Amino acid sequence: IRKLEQQLDKQHKQLAKIEQELTDPGLYEDANKGWLAKLLKEQGELKSSLAATEEELMQAMEALEQALADATETVRRRRADATALELRINALAREGR
C-alpha cells in the first residue's frame, strides 16, 4: 500500500507539471504543435495510469481491511474458546478431578 501511495504521489506531481506546462499560451502557437501534442498524449497516458494505480490501491486497501477483519474474528473466537476451556477446567477442579 505504501508503495502504491508513493507511486500515486509521483504520478500526481508529474501530471501537475504537465498541466502547468499546458497553461503556457505560447505552447498553442503553430510552431509548438508537436510539443503540444506530446504533452497532451503524456497527460492522457498519465491520467489513465493514475486511474489504474488508484484502483489497485483501493483493492489493496480492501484486501487489508478484510484481512484485519478476519484476524479480529479469529482472535475473538480463540478468546471465547480459551474462556470456555478455563471455565471447564475450573469446574473440574471444583469437582476434585
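**Helix packing and salt bridges**

A: In this predicted model, the crossing of α1 and α2 is left-handed. The residues that form the contact of α1 with α2 comprise ten nonpolar, seven polar and seven charged ones. Helix α1 spans residues 2-21 and helix α2 residues 33-95, and the two pack at an angle of about 155 degrees, with their axes 9 Å apart. Because angles over 145 degrees count as roughly antiparallel, α1 and α2 are roughly antiparallel to each other.

Turning to the charged side chains, the count comes to seven salt bridges. One of them pairs K47 with E19, at 3.9 Å from N to O; since K47 lies in helix α2 and E19 in helix α1, this pair ties together parts that are 28 residues apart in sequence. K47 counts as partly exposed, at 42% relative accessibility, and E19 is likewise partly exposed, with a relative accessible area of 31%.

A salt bridge also links the side chains of D30 and K33, at 3.6 Å from N to O, and here both D30 and K33 are exposed.

Within helix α2, E42 and K38 lie four residues apart, about one turn of the helix, and their side chains meet in a salt bridge of 2.2 Å, N to O. E42 is partly exposed at 26% relative accessibility, and K38 is partly exposed with a relative accessible area of 38%.

Conventions: Residues numbered from 1 in each chain as written. Predicted model: local features only at pLDDT ≥ 70, side-chain atom pairs only at ≥ 80, totals over all residues. Heavy atoms only, no water. Axes fitted to C-alpha atoms, helices over the stretch in contact; angles between N-to-C directions. Parallel < 35°, antiparallel > 145°, perpendicular 65-115°, else oblique. Left-handed = near helix turned anticlockwise from the far one by under 90°. Nonpolar A, V, L, I, M, F, W, Y, C, P; charged D, E, K, R; others polar. Salt bridge = Lys/Arg side-chain N within 4 Å of Asp/Glu carboxyl O. Buried < 20%, exposed > 50% of the residue type's maximum accessible area, 1.4 Å probe, protein only.
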